[in-house]
Amino acid sequence: MSEEHLTIREMCDAYDVTPRTLRFYESKELLFPIREGQKRLFTKRDRARLKLILRGKRFGFSLEEIRQLLDLYDMGDQQATQLERTYNVAQQRLKDMEEQRDELNEAIDDLREQLKWGEKILTDFENDLKAAQ
């Protein structure tokens, strides 16, 4: 294939995704490959969109949020709306991730304390058994 267009196999190899993933994103109107019979040819635009989709998924954005952000590209304002909206969504996502991290750190600390308590109980139990023998 040319550098202009990639086949589904080339896209899979380049972005470490499955054909099923690409077809799914196409069905959700996130990608728009050129169709030649059964063959799908992905353009530079599709490749750029896929990079953004994968990055958005990594950061925990929903597919609907990603689709809405990608759709803002064609607003005709040199992507100003898209950039501003993406920035705002990303700020909120970062805040959510930090809150989740803090909650997880608190749960980890609580579990560590419980394990220390459990270890002490087990040690005392073993000591009591040895003393009884």
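## A walk through the model

Let's start with helix 5, whose buried residues are Gln-82, Val-89 and Arg-93; buried means under 20% relative accessible area, exposed over 50%, and partly exposed in between, using a 1.4 Å probe and protein chains only. Keep in mind that this is a predicted model, where local features need pLDDT of at least 70, side-chain atom pairs count only at pLDDT 80 or more, and totals for chains, interfaces and linings use all residues. Residues are numbered from 1 along each chain as its sequence is written, and side-chain values use heavy atoms, with hydrogens and water left out.

Back to helix 5: its buried residues pack against helix 4, where contact means heavy atoms within 4.5 Å. Helix 5 has 53 residues and spans 77 Å from its first C-alpha to its last, close to the expected 78 Å. That expected span is 1.5 Å times one less than the number of residues. Helices here are DSSP runs (H or I, at least four residues), numbered from the N terminus.

Now for the largest pocket, which holds about 400 Å³ of space. Of its 16 lining residues, Leu-52, Leu-69, Leu-70, Gln-82 and Thr-86 are the closest to its centre. The elements giving two or more residues to the lining are helix 3 (44–58), helix 4 (63–71) and helix 5 (80–132), and helix 3 supplies the largest share, six residues. A pocket, on a 1 Å grid over the protein atoms alone, is an open set of points where a 1.4 Å probe fits, with protein on both sides within 12 Å along at least five of seven lines; lining residues have an atom within 4 Å of a point. Its volume is the space filled by probe spheres set on the points, which are joined across faces, edges and corners.

Next, look at Met-11, which sits in helix 1 (residues 8–15). Met-11 is buried, as its relative accessible area is 0%. Beyond neighbours within four places in sequence, Met-11 touches several residues, including Phe-42, Asp-46, Arg-47 and Leu-50. Met-11 and Leu-50 are 39 residues apart along the chain, yet their C-alpha atoms are separated by 9.3 Å.

Finally, the structure has one aromatic pair. The ring centres of Phe-24 and Tyr-25 are 6.0 Å apart and their planes meet at 55°, so the pair is tilted. Rings of Phe, Tyr and Trp (its six-membered ring) pair if their centres lie within 6.5 Å; planes under 30 degrees apart count as stacked, over 60 as edge-to-face, and the rest as tilted. Phe-24 is partly exposed at 39% relative accessible area, whereas Tyr-25 is buried at 8%.
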